[in-house]
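Colleague: I would like to learn how to read the contacts in a model like this one, going feature by feature. Could we take each general idea and then its case here?

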Amino acid sequence: MQALYALLVSPFVDYAFMQKALFGSLLLSAGACPVGVFLMLRRMSLSGDAMAHAILPGAAAGFLFYGLEILPMTVGGLVAGIVVALGAGAVSRFTVQREDASMAAFYLISLALGVLLVSVRGSSVDLMHVLFGTVLALNNEALGLIGAIAAVTLVSLFVFWRALVAECLDPLFLRSVSRLGSPVHFIFLGLVVINLVGGFQALGTLLSVGLMILPAAAARFWTARVETMCVAAVAIGFASCVAGLLLSYHAALPSGPAIILSAGAVYLVSVLAGTRGALRARLVTHRHRTA
Amino acid sequence: MDKACLTFRDLTLGYGSHPAVHHLNGVVRRGSLTAVVGANGSGKSTLMKGIVGALKPMAGAVTKADGVRIAYLPQQSELDRSFPARVVDLVSLGLWSRRGLLGRHTAQDRATVAEALAAVGLEGFETRALDTLSGGQLQRTLFARVLVQDAELILLDEPFNAVDAKTVGDLIALIKRWHGEERTVMVVAHDLDLVRHNFPETLLLARQPVAWGATATTLTPENMARARRFHEAWEDDAPWCEPDAHHHAHDHGHAHHHHAHDADALASANGPKAA
């Protein structure tokens, strides 16, 4: 019992930085995981990845002018993300090009610009910070930001839920009954951007998208309803954060990759063992009902 | 009773600079049941999109009577069948016009949805996932959504495609029920026998309207032959249709002189209700 306590609880009780890391990553999961579910259902998982890269030049510009400061880097990332999201979204809405191609084009431009900016000034250690984040060094300022992002995300999802589902399920129908189609699409892209920006403080630009996509992708194997899928994704996100931080603490591993790898492990288990997973589908098909 | 539900004023719809519906004039009466007939590429679906507002007119206008709500069943649905939703979720989307984004779905609304499913013969399908439905079942589900929408103007674009004979009968019965409820219904259809037996009025399109009126007088062999003669392909060197030939834009009954070769077709094209 004592050993279990030492293994699972005491790191969080004894160290303030662990508490903050836990608090921050849980807040992040609460907002990012449901957004990830919709990203996945809209077949935009890779767009999320692209968007995470797109944030880099903004964050790098902040870093270039103000050093490793949270606010300028966040604002920069936000601006870059929104420019890319709106640009790619607008190209796909108003021209024949699909969103996957326009998103790829915009994020590549953005990423190249970001790497260029970082290389102008930063050492490789700084670059590692931007790319992989510093979940164990989250300060109150960053926690406040992540909390605000989670709150905005959850409220927006609640308010626009019906439109978001309709826009995924039958966009043409939504267009015939309401003018919300395009606004909802851009609101959703905005949510993706702010959650990625929130995530890059803790996990870095490369891994923040992981906490968005992996729990959602894993939840897909356990349920056939959007509502439960969002809840399951958040639960998987929470579990991954706790497991990842403990792993990072005990094995002295970098925290961001540890969290994402934990989520990755849940995903792999879900693929195989989920109620809608690969094994179950193989095992159950032998028997069938009369109607 | 003879009030207009839809009015077309010199309506031209198209893609790029090429018209798909060319200079359509006329009135769809409130409570009428109209079949829209024509060859592939004759502008039937384009007209539907224009009415819904999914496509902006290149010239002219289509006006709805005030307060008319539209229920539109497109030919090529953008429905994502792999989305984790149940039959009731899809049919409940039809409540949008009454409940909007945030309105709570009441017990009454749920009863409406259940009734609509029963009306299309899908009792017991409420919790079925969309990806387990057959093509015909999905089509009936979409009809149920149209029922729930409770709209004054109902537009159905080729609703009988890939649907078995019994289901066609069921769907026709529903369409007649809507007609009986004084709703305005326009249906794009290919089966001329079906149109002759069930639709009082027909609009025959061949990019230009060829004929529009009572089905028996519209679907004559001469009109059908004329509709078949139209040139489906676009031509990049086709002459521009000059706007200055259109100062009669609001003058419905006027024939279109700049289409001299089509003038006889268009004389009847403006329809019995146009002038």
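Colleague: Let us begin with a pair in chain B: by about how much of a helix are K166(B) and D170(B) separated?

Modeller: Please keep in mind throughout that this is a predicted model. The general idea is that side chains of opposite charge can pair when their charged atoms come close. In this case K166(B) and D170(B) both belong to helix 6 (residues 165–180) of chain B and, because they are four residues apart, about one helical turn separates them. Their side chains meet in a salt bridge, with 2.9 Å from N to O. K166(B) counts as exposed at 58% relative accessibility, whereas D170(B), at 31%, is partly exposed. Elsewhere, salt bridges with shared partners link D150(B), R177(B), E181(B) and R183(B) into one network.

Colleague: How many salt bridges does the count give over all chains, and which residue pairs with R225(A)?

Modeller: The count over all chains comes to twelve. R225(A) forms a salt bridge with E227(A), and the closest N and O atoms of that pair are 3.4 Å apart. R225(A) is partly exposed, with 27% relative accessibility, and E227(A) is also partly exposed, at 37%.

Colleague: Where do D80(B) and R43(A) lie in their chains?

Modeller: D80(B) sits in the loop between strand 5 (70–73) and helix 2 of chain B, while R43(A) sits in the loop between helix 3 (16–41) and helix 4 (45–54) of chain A, so this pair joins two chains. The salt bridge between their side chains has an N to O distance of 3.4 Å. D80(B) is buried, with a relative accessible area of 10%, but R43(A) is exposed, with 61%. Between chain B and chain A the count is two salt bridges, and R145(B) with D170(A) also meet in one, at 2.9 Å from N to O.

Colleague: How should I read the contact between the chains as a whole, and how many residues does each chain give to it?

Modeller: The contact takes 28 residues from chain B and 25 residues from chain A. Together the two chains bury about 2400 Å², of which 63% is on carbon and sulfur atoms. On the chain B side, F83(B), P84(B) and W96(B) lose the most area to chain A, together making up 31% of what that side buries. There are also eight residue pairs in polar contact between the chains, counting those with both residues at pLDDT 80 or more. The elements of chain B that give two or more residues to this side are helix 2 (87–92), helix 3 (96–99) and helix 5 (135–149). By class, the chain B side has 13 nonpolar, eight polar and seven charged residues.

Colleague: Which backbone atom lies 2.7 Å from a polar side-chain atom of N25(B)?

Modeller: That atom is the backbone nitrogen of D10(B). N25(B) lies in strand 2 (residues 18–29) of chain B and is buried, with a relative accessible area of 2%.

Terms used. Residues are numbered from 1 along each chain as its sequence is written. Chains are lettered from A and ligands numbered from 1 in the order in which they are written. This is a predicted model: local features need pLDDT of at least 70, side-chain atom pairs count only at pLDDT 80 or more; totals for chains, interfaces and linings use all residues. Side-chain values use heavy atoms; hydrogens and water are left out. Buried means under 20% relative accessible area, exposed over 50%, partly exposed in between (1.4 Å probe, protein chains only). A polar contact is a pair of N or O atoms within 3.5 Å; within protein, one must be able to donate a hydrogen and the other to accept it, and residues adjacent in sequence count only if both atoms are side-chain atoms. Contact means heavy atoms within 4.5 Å. Buried area is the accessible area (1.4 Å probe) that two parts lose on being put together, summed over both. A salt bridge is a side-chain nitrogen of Lys or Arg within 4 Å of a carboxyl oxygen of Asp or Glu. Ala, Val, Leu, Ile, Met, Phe, Trp, Tyr, Cys and Pro count as nonpolar, Asp, Glu, Lys and Arg as charged, and the others, Gly among them, as polar.
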